[in-house]
Amino acid sequence: RNIQPRRQQMTEPPTKKTKPDSTPEPLPLATTKGHPVLAHVIRLLPGQDLLQELLAFVKQRGIKAGFICTCVGSTGPKTTLRPAQKPDFKELEGPMEIVSLTGTLSMTGEHHLHLSVSDGDCCTFGGHVVEGCIVRTTAEVVIGEIDGCEFRRPVDSRTTYDELRVLEEPV
């Protein structure tokens, strides 16, 4: 069966007020119902930048609410990550095995991806995916697309970071 995702205009849920002239409650942080998921597969080749290629793929496919289902492969000769709570990037040298890739991404370029890699001694390193994670032999990636949703990443005043907001098609 050929299932095509619906492409409709997304709307933000209305902000609720608890009482007149009060601070609005935060927008919902979850979907209101379950949504169908479509699977996309891409194999990246040696020398390609993991982040650049994934963002280009979701943009080309028009994926508004994507997530990484699985990824196996390798990086090197360099792998660039941003460690948690650090402003500077860390560049790892040499061949690395991808042991985990997880996160969300959308055709707007907004994303939050974490990568874990291990070296020849099975030491594992992880952090935020940034440009500079170069595919060494392959990266076989399955991306899920949530039909009827769109991911945005506005600044959340509670955390001061760009955090996930899920928009749903109106029912």
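Biologist: Is Thr-138 buried or exposed?

Modeller: Keep in mind that this is a predicted model. Thr-138 counts as buried, because its relative accessibility is 12% and the cut-off for buried is under 20%.

Biologist: Which strand do 8 bridges join to E8, running antiparallel?

Modeller: One is E1, residues 37-44, antiparallel to E8 and joined to it by 8 bridges. In that pairing Leu-38 has Glu-145 of E8 as its bridge partner. E2, residues 66-75, also pairs with E8 in the antiparallel sense, over 8 bridges. There, Thr-75 stands opposite Val-135.

Biologist: Staying with E2, how exposed is Cys-69?

Modeller: Cys-69, which lies in strand E2, is partly exposed, with a relative accessible area of 41%. Leaving out residues up to four places away in sequence, Cys-69 touches Val-142, Ile-143 and Gly-144.

Biologist: Switching to the helix. Which residues of H1 are buried?

Modeller: Leu-50, Leu-51, Leu-54, Phe-57 and Val-58 are. Seen down the axis of H1, the buried residues fall within an arc of 135 degrees, so they line one face of the helix. Lys-59 and Gln-60, on the other side of H1, are exposed.

Biologist: What covers the buried residues of H1?

Modeller: The cover includes E1, E2, E5, E6, E7 and E8.

Biologist: And what span should H1 have?

Modeller: H1 has 12 residues, 50-61, and should span 16 Å at 1.5 Å a residue; its end C-alpha atoms are 17 Å apart, which agrees.

Biologist: What sits at the ends of H1?

Modeller: Asp-49 caps the N-terminal end, with a side-chain oxygen 3.2 Å from the backbone nitrogen of Leu-51. H1 is followed by Gly-62, which has a positive phi near 70 degrees.

Biologist: Now the core. Which residues touch the most other members?

Modeller: In the largest nonpolar core, of 25 residues, they are Leu-54, Leu-101, Leu-115 and Ile-143. E1, H1, E2, E5, E6 and E8 each supply at least two residues of this core, and H1 gives the largest share, 5 residues. Leu-54 is in contact with Ile-42, Ile-68, Leu-101, Leu-105, Leu-113, Val-141 and Ile-143, leaving aside neighbours within four places in sequence.

Biologist: Which residue other than glycine has a positive phi near 60 degrees?

Modeller: Gln-85 does. It lies in the loop between E3 and E4 and counts as exposed, at 67% relative accessibility. Cys-122 also has a positive phi, about 65 degrees, although it is not a glycine. Cys-122 is in the loop between E6 and E7.

Biologist: Is Cys-122 buried or exposed?

Modeller: Cys-122 counts as exposed, at 66% relative accessibility.

Terms used
Residues are numbered from 1 along each chain as its sequence is written. This is a predicted model: local features need pLDDT of at least 70, side-chain atom pairs count only at pLDDT 80 or more; totals for chains, interfaces and linings use all residues. Side-chain values use heavy atoms; hydrogens and water are left out. Buried means under 20% relative accessible area, exposed over 50%, partly exposed in between (1.4 Å probe, protein chains only). Two strands pair if DSSP finds at least two bridges between them. Helices (H or I, at least four residues) and strands (E, at least two) are DSSP runs, numbered from the N terminus. The expected span of a helix is 1.5 Å times one less than its number of residues. The arc is that of the directions from the helix axis to the C-beta atoms. Contact means heavy atoms within 4.5 Å. A polar contact is a pair of N or O atoms within 3.5 Å; within protein, one must be able to donate a hydrogen and the other to accept it, and residues adjacent in sequence count only if both atoms are side-chain atoms. A nonpolar core is a set of buried Ala, Val, Leu, Ile, Met, Phe, Trp, Tyr and Cys residues joined through side-chain atoms within 4.5 Å.
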